[in-house]
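Let's take a friendly walk through this structure, one step at a time. Have the sequence and the 3D view ready.

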Amino acid sequence: MSDVASPGSKPGFSSDVMIQMTGVHKWFGEFHVLKDINLTVHKGERIVICGPSGSGKSTLIRCINRLEEHQKGRIVVDGTELTSDLKHIDTIRREVGIVFQQFNLFPHLTALENLSLALIWVRKMPKAKAEEIAMNYLDRVHIPEQAQKYPGQLSGGQQQRVAIARSLCMNPKIMMFDEPTSALDPEMIKEVLDVMVELAESGMTMIVVTHEMGFATAVANRVIFMDFGEIIEQNDPHNFFENPKSDRTKLFLSQILHH
Amino acid sequence: MAVVTGTGSDTRNPIARLWGNKKARSVIVQIVTMAVVFGVLALLYRNVVVNLAAIGKEFSFDFLNAPSAYDITFSPFIEYNSRSTHLRAAAVGILNTLLVASCGIVLATVMGFIMGVLRLSKNWLVNRTVYCFLEFTRNVPVLLHILFIHGLVVTQLPVPKQAMNFADSFFLTNRGFFFPAPVPEAGFWIVATVFAISVVFVIAFGRWAKKVQDETGRTYPVFWISTGAIVAATAVAFLAAGMPLSWEAPALKGFNFKGGVAIKPEFIALWLALSYYTSCFIAEIVRAGILAVSYGQTEAAYAVGLRPNRTLQLIIIPQALRVIVPPLASQYLNLTKNSSLAIAIGYMDVVATIGGISLMQTGKEMETMMIVMLTYLVFSLIIAGFMNWYNKKMALVER
Amino acid sequence: MAEATQAYEVGRHPELPPPRSEVGVLGWLKHNLFSSPFNVVLTLLVVWFLWTVIPPLFEWMVLNSVWTADTRKECWARMAVPEDGACWAFIKGRIQLFIYGFYPHPLRWRVNLSFVLLVLAIVPVLYDKLPGRKYALWYAAAFPFIAGWLLVGGFGLTPVDTDQFGGILLTLIIGVTGISFSLPIGILLALGRRSTMLVPRVLCVLFIEFIRGVPLITLLFVAATMLNYFLPPGTVFDLLVRVLIMVTLFSAAYIAEVVRGGLQAIPRGQFEAADSLGLTYFQAHLTIVLPQALKISIPGIVNTFIGLYKDTTLVLIIGMLDPLGIGRASLADPVWLGLAREVYIFVALFFFICCFSMSRYSLYLERKLHTGHNY
């Protein structure tokens with residue numbers, strides 16, 4: 001098997017492979033949603049995945065932490081292969097954080113409790129220490145003053161930032177974002193993107209499903225275009241936007257850029 | 001009195017002007033309503049007085065202190081015989097209502113939660129089977145269920161002479177279910193004390209474990225340790241004290257069993273029928289409550305590394321309960337009210353005693369029905385009060 | 001790579017069928033019945049349960065049943081396995097009793113006519129695309145009175161005593177009367193409960209909470225034993241009428257709570273819009289608020305009606321003979337002794353069919369509302 005070389009990875013990068021997907025297929029019933037996905041993600045890489053809705057991009061990243069089960073192929077995350085073994089799933093979920101389009105904050109807990117919950121129950125930390133860490137991360141996403149508020153009292157942008165902090169708390173090696181700004185009002189998109197840019201600058205390995213092409217240009221090492229469950233094209237942002245190779249990519253770019 | 005109606009040059013007559021003022025109109029309407037209501041009440045009162053006088057009855061609760069002169073075969077809590085007063089009969093009835101209602105609530109809740117969860121199962125066969133049972137049961141009147149189960153118990157179970165015998169101590173017959181009664185002997189108080197101490201210990205342990213978790217992050221399997229501690233301590237004490245408990249087994253004497261604990265067929269029928277009928281409604285409530293928590297919550301919990309059982313405990317159940325508890329409380333109230341159908345099979349609840357036989361014997365329709373209704377109203381008020389308290393406590397904070 | 005997969009050109013990967021274990025009968029079994037050890041146990045338990053219950057039940061109810069016989073003994077004699085089948089002959093022989101109660105034979109055409117008129121009245125209520133529905137609804141509103149006249153008689157028809165009513169006829173009388181009269185009363189109570197005026201509000205709250213706090217059976221006892229005390233001396237009131245009043249008031253209190261829920265769901269803006277148009281309280285409610293609130297409350301209202309319909313069986317406790325009462329009375333017949341199962345199953349099926357169709361209808365409405373309302 002030939003290594004799927006990522007054109008965007010520069011020689012200066014560490015060659016540590018964080019995620020290795022080989023020949024991954026997934027079906028929803030009869031519907032073939034992921035077709036022969038081969039993808040390698042190196043440490044510190046920042047990947048943006050785009051594509052029309054229904055192209056399988058969300059399913060792809062949800063397979064990486066087993067929110068969806070793939071039916072064929074292999075997924076190896078930081079040396080651990082994803083199988084139905086619960087221990088492997090636990091290990092991988094500790095290393096991979098995900099941020100959802102709909103935030104999915106726990107509405108019955110305060111922002112601080114949303115963050116400290118997993119530290120207490122999964123990392124088995126003392127409450128005081130968990131809350132200290134949680135406050136640190138709330139600080140990092142610039143909303144320490146909202147710690148005692150419930151999600152219902154926060155704006156969309158604030159909720160999404162709490163959600164990012166909740167994932168970061170677990171100290172993941174990889175952060176995945178599933179259309180993190182799609183459910184937000186325009187004036188709140190920036191505050192979330194700013195946090196994500198800061199995160200990227202800190203060297204975090206990131207996979208971001210988004211249509212925010214400005215973010216892709218500014219932050220990504222590699223942009224992946226998906227359609228009909230396949231990876232059609234991948235390239236560094238400059239080449240991806242300036243001279244896309246496939247017709248489908250061109251069409252997609254023309255639709256979202258000249259909208 | 002000057003009524004300002006906007007324009008000063010209102011030439012209508014004072015009453016029309018008063019009617020045109022919103023506040024004044026509201027006051028008038030309320031005064032008229034009040035007058036009409038009091039008028040009707042006064043009329044009803046007069047009718048009652050005249051009607052009662054015509055047949056020579058008077059309104060009084062004195063009869064409550066008179067001997068009831070009838071027997072109640074099922075009075076597990078207080079002494080009662082035919083020389084007891086009507087008041088005591090009422091008390092027996094109320095206690096019996098409470099007994100069947102609380103037993104019913106427990107069983108209905110257990111069955112309802114199990115069926116509600118099974119209804120959400122991905123297992124098609126289980127899901128459909130439970131669904132069919134639920135749909136059939138709740139679309140048939142509860143009275144029919146009660147009569148049917150009572151009929152089954154009375155006609156299908158064997159007579160005491162051919163009782164279904166389990167290990168010579170449990171007997172199922174058409175006269176009821178008989179099982180050995182525990183009889184504490186000297187020294188039983190030791191066991192009881194140890195049990196009480198272990199309960200106190202377990203409560204303290206729970207608090208301590210919470211504190212340890214807060215301080216060090218360590219978690220203990222609190223539930224298993226607690227259960228184990230109570231069982232072990234009680235068992236050790238029981239053995240150490242020389243097993244100070246004997247069993248009085250029921251034995252066949254003549255046509256029926258004597259001794260032991262007897263559960264009457266009326267109680268069994270009412271209890272089972274009310275429980276499974278109500279559990280169908282509870283199952284729907286539980287199902288809806290769990291479905292009300294979006295799947296995104298589960299995914300988010302999994303994504304931060306929580307295991308399925310912790311997700312259930314920390315994320316799903318607390319949110320689902322907010323949705324489940326209010327309608328659940330009203331189902332409890334329904335079950336309690338439906339237990340009044342006891343009278344159809346002769347279970348001696350409050351309707352059958354004071355509202356049934358006492359009413360027939362004394363002819364005090366007004367007084368007895370007032371007692372019965374008041375009983376149920378008090379139950380309703382208690383449950384309504386609990387619901388308000390819970391809703392206030394649990395209301396999700398929103399903007 | 002271990003698995004040899006055909007390579008396709010990028011972007012030209014065809015839709016492949018999923019692995020055979022994921023779809024078809026095998027996939028279905030795997031995902032639906034045997035997805036985990038616990039599920040396997042559950043599936044086996046249910047299969048065992050169904051296997052022990054359904055075949056014997058089917059045998060008893062259908063294969064081994066007898067439809068014509070004059071006595072229980074004859075019934076049993078005709079069975080392949082004696083005493084191990086349903087004796088439907090018992091129900092069949094008494095079907096008239098179950099339907100009409102003791103309504104005089106020569107006058108039963110009036111009952112049949114009422115049944116037909118009832119169906120004609122229900123159709124426009126349930127089906128909103130009927131042409132000329134407006135007039136049909138007026139007829140539906142008048143139906144209880146027409147049927148009342150047909151059944152009770154008077155004004156040219158031979159009068160029939162209400163204590164001869166029974167069976168399904170009685171269930172329908174109580175059900176339909178309760179349903180048609182409790183709705184308007186319930187709406188008034190709900191409006192009263194939400195009124196800004198203290199006196200009507202307190203009165204409505206007291207009434208609603210009192211009725212909802214006590215069991216129906218106590219209200220029926222009141223109707224049966226002491227309602228006459230409250231009426232002017234000498235007034236004689238038919239028992240059926242007293243029961244109808246109580247059942248109506250009872251379900252009105254429950255309807256009131258359902259409608260109140262619907263009223264609460266109406267956005268404040270609707271009230272403000274009505275006020276700003278200068279509509280009076282009654283105009284605003286009749287034209288703007290109530291139509292919307294009722295539409296939202298329909299599923300709840302139907303559920304209340306189902307409850308009311310099932311509760312009609314309670315009248316047997318005060319000695320009226322609804323189908324269950326007729327069945328109980330028939331069981332005492334020495335010739336047919338001990339056929340309780342047949343009676344209960346028959347009556348249960350009757351109620352199940354009525355209530356299940358009502359609940360399906362409510363579900364259909366709910367779905368329709370969910371798709372139709374997008375605000």
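Into which domains is chain C divided? This is a predicted model, and in it chain C splits into domain 1, covering 20-63, and domain 2, covering 161-369. If you take the centres of these two domains of chain C over their C-alpha atoms, they lie 41 Å apart.

Now turn to the place where chain C meets chain B. Here 52 residues of chain B are in contact with 54 residues of chain C. The size of an interface is often given as the accessible area lost when the parts come together. For chain B and chain C, that buried area is about 4600 Å², and 74% of it is on carbon and sulfur atoms.

What about charged and polar pairings? Between chain B and chain C there is one salt bridge. You can find it by locating R360(C) and E135(B), whose closest N and O atoms are 3.8 Å apart.

Next, look at which helices of chain B build the side that touches chain C. At least two residues each come from α2 (22-54), α4 (124-138), α5 (142-156), α8 (265-292), α11 (350-362) and α12 (365-394) of chain B. The most is given by α2(B), with 12 residues. Sorted by residue type, this side of chain B holds 33 nonpolar, 13 polar and six charged residues.

How values were computed
Residues are numbered from 1 along each chain as its sequence is written. Chains are lettered from A and ligands numbered from 1 in the order in which they are written. This is a predicted model: local features need pLDDT of at least 70, side-chain atom pairs count only at pLDDT 80 or more; totals for chains, interfaces and linings use all residues. Side-chain values use heavy atoms; hydrogens and water are left out. Domain bounds come from an automatic or database domain assignment. Contact means heavy atoms within 4.5 Å. Buried area is the accessible area (1.4 Å probe) that two parts lose on being put together, summed over both. A salt bridge is a side-chain nitrogen of Lys or Arg within 4 Å of a carboxyl oxygen of Asp or Glu. Helices (H or I, at least four residues) and strands (E, at least two) are DSSP runs, numbered from the N terminus. Ala, Val, Leu, Ile, Met, Phe, Trp, Tyr, Cys and Pro count as nonpolar, Asp, Glu, Lys and Arg as charged, and the others, Gly among them, as polar.
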